[in-house]
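Please open the model in your viewer and keep the sequence panel at hand.

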Amino acid sequence: NNGTTALIAAIKAFDMRPGEIITTPFSFSATTHAVSLAGFEPVFVDIEPRTLNIDPSKIESAITENTRAIMPVHVYGNPCQIKEIVAIAERHSLRVIVDAAHAFGVDCDCGQLHTVPDASVLSFHATKVFHTVEGGAVITRDPAIKKRLDLLCNFGIEDEDTVRFAGLNGKLSELHAAMG
Ligand SMILES: *Cc1c(COP(=O)(O)O)cnc(C)c1O
């Protein structure tokens, strides 16, 4: 139903132990709020002056035994250094959940920006590249994560008798979908 819910659901979908998520201080406030509302401690790593995106050369020194994931942002649709970030994450067994709210349809040398790492999150707010007035999406290649996201966005309801876990109301309305 919006990019903020999508970010919270994406973080929750990986069922990570509580801990820290490394992110950028230079983004819309929803990036950090989502980390914190999902129950994680945001840890800021400074940005590069040229791209205004998180500086990969400063990420490793911020990783602790409590780090669970990295959440970079493609600020203003400028691709962050995703290959370097993924390589760091692989070395330390961390997830990469990208806030791609500004990057719908943006290409880089790794392909369509919103199709990379564990999950990428889009906002379809009226101020964004593509919009449904209010809306959002999570993109992942992992069918198990997709299943968890579906549950998370519908109150955790699996069937009439089973609620798997505490979920959100993250549904996109038909009316908003029709606008998109
Ligand atoms: C807009 C935005 C969000 C939140 O999206 P909403 O659809 O407004 O909830 C998250 N992150 C960034 C970087 C944004 O610009």
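Begin by selecting Asp150 and Lys146, which both lie in helix α4, 4 residues apart, or about one turn of the helix; helices (H or I, at least four residues) and strands (E, at least two) are DSSP runs, numbered from the N terminus. An α-helix has 3.6 residues a turn, so residues three or four places apart point the same way. The two side chains meet in a salt bridge, 2.6 Å from N to O, the term standing for a side-chain nitrogen of Lys or Arg within 4 Å of a carboxyl oxygen of Asp or Glu. Asp150 is partly exposed at 42% relative accessibility, and Lys146 is partly exposed at 44%; buried means under 20% relative accessible area, exposed over 50%, and partly exposed in between (1.4 Å probe, protein chains only). Salt bridges that share partners also join Lys147, Glu158 and Arg164 into one network.

This is a predicted model, in which local features need pLDDT of at least 70 and side-chain atom pairs count only at pLDDT 80 or more, while totals for chains, interfaces and linings use all residues. Residues are numbered from 1 along each chain as its sequence is written, and side-chain values use heavy atoms, with hydrogens and water left out.

Now show the whole of α4, residues 143-152, where Ile145, Leu149, Leu151 and Leu152 are buried. Seen down the axis of α4, its buried residues fall within an arc of 160 degrees (taken over the directions from the helix axis to the C-beta atoms), so they line one face of the helix. These buried residues pack against α1 (3-13), β8 (136-139) and β9, contact meaning heavy atoms within 4.5 Å. At the start of α4, select Asp142, a side-chain oxygen of which reaches to within 2.9 Å of the backbone nitrogen of Ala144.

Next, select Thr5 in helix α1, a residue that is buried at a relative accessible area of 13%. Its side chain makes a polar contact of 2.9 Å with the side chain of Asn1; such a contact is a pair of N or O atoms within 3.5 Å, where within protein one must be able to donate a hydrogen and the other to accept it, and residues adjacent in sequence count only if both atoms are side-chain atoms. Leaving aside neighbours within four places in sequence, Thr5 is in contact with Leu168 and Gly170.

For the last stop, which residue forms a salt bridge with Asp118? Select Arg95, whose side chain meets that of Asp118 at 3.3 Å, N to O. Arg95 lies in strand β4 (residues 95-99) and Asp118 in the loop between β6 (111-112) and β7 (119-123), so the pair ties together parts that are 23 residues apart in sequence. Arg95 is partly exposed at 32%, as is Asp118 at 24% relative accessibility.
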